[in-house]
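Please have the sequence and the coordinates at hand.

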Amino acid sequence: MSFIKIGHRGAAGYEPENTLRSFKKAIKLGVDMIELDVYVCASGELVAIHDDEVDRTTDGRGLVVKKTLKELRKLNAGQGQKIPTLVQILNLVKQKAQLNIELKGLGTAAPAAALIEKFVVKKNWLYDDFLVSSFNHRELVLFAKILPQVRLGVLISRLRKRPGVTYYQKKFRPWSINLPAKSVSKKLVAKIHNLGSRVLVWTVDKPKQIKKIKAMGVDGIFSNFPDRL
Ligand code: G3P
Ligand code: MG
């Protein structure tokens, strides 16, 4: 399998993160996969935004889960962009890249699974066009129960000795283990490969560090500047 170039929050180094502009830019830069973060808003739609509050990335204030889609769509998410729904993103990407949906909010597993199923059945997407990941391992378990056909990525924010990667690999049998750059080493990559999963590393922007991490034999890197990969 060849190395996977992943656009982080689209191409967030160039365009406002998690917006349609950012996803378009990532496609233009030739990424293999686009990463985005999702929450369920108050009216039930899945929307792409990183934080649980709208404060940092828009001109509004407050929690994403307390706002309806209509309220969210009034906000400026940067350069006049609006917070997009996952449906809009799927219709934009149209299989030009794979999608890594990161389940950020609680209750995202079931609606994400339903949406993926719908796009597979009605719009000819493949299950393998998706990778679903989360730091919230309960949400990941729920997702896997509903739609086991889709690849899972276990996100680990800080790898400790216990529980180590063996625990996560055996528990989830994930397609990938997604590690922060600070936790990855050549030895660890070999160990995860032996266990049967791939290693994806986030978030790496500096060319020197990209080179170093690639040399460890990782399977993919998330970058805000995916053209540097
Ligand atoms: O999925 C990789 C990366 O996006 C995880 O961290 O905080 O940028 O969502 P974060
Ligand atoms: Mg993310």
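How far apart are the axes of helix 6 and helix 7 where they cross, and at what angle? The axes of helix 6 and helix 7 (residues 186-195) come within 10 Å and cross at roughly 25°. Helix 6 and helix 7 are therefore roughly parallel to each other (angles under 35 degrees count as roughly parallel, over 145 as roughly antiparallel, 65 to 115 as roughly perpendicular, the rest as oblique).

This is a predicted model, in which local features need pLDDT of at least 70 and side-chain atom pairs count only at pLDDT 80 or more, while totals for chains, interfaces and linings use all residues. Residues are numbered from 1 along each chain as its sequence is written, chains are lettered from A and ligands numbered from 1 in the order in which they are written, and side-chain values use heavy atoms, without hydrogens and water.

**Helix pairs**

Helices (H or I, at least four residues) and strands (E, at least two) are DSSP runs numbered from the N terminus. Axes are lines fitted to C-alpha atoms, for helices over the stretch in contact, with angles from 0 to 180 degrees between N-to-C directions.

Helix 6 contributes Val 165, Thr 166, Gln 169 and Lys 170 to the contact, and helix 7 contributes Leu 188, Lys 191, Ile 192 and Leu 195 (contact means heavy atoms within 4.5 Å). By class, this contact of helix 6 with helix 7 has four nonpolar, two polar and two charged residues.

Helix 4 (residues 109-123) packs on helix 5 (residues 137-146) at an angle of about 35°, and their axes are 9 Å apart. From helix 4, Ala 109, Ala 110, Ala 112, Ala 113 and Ile 116 meet Glu 139, Leu 142, Phe 143 and Ile 146 of helix 5. The class count for helix 4 with helix 5 is eight nonpolar, no polar and one charged residues.

Asn 124 counts as exposed because its relative accessibility is 60%, and Arg 173 counts as exposed at 55% (buried means under 20% relative accessible area, exposed over 50%, partly exposed in between, with a 1.4 Å probe and protein chains only).

**Magnesium site**

Glu 35 (OE), Asp 37 (OD) and Glu 102 (OE) coordinate the magnesium ion (ligand 2) at 1.9 to 2.2 Å. Donors are N, O and S atoms within 2.8 Å of the metal (3.2 Å for Na, K and Ca), and water is not among the atoms, so sites may look incomplete. Along the chain, the donors of this magnesium ion have the spacing E-x1-D-x64-E. Both Glu 35 and Asp 37 are buried.

Conventions. Nonpolar A, V, L, I, M, F, W, Y, C, P; charged D, E, K, R; others polar.
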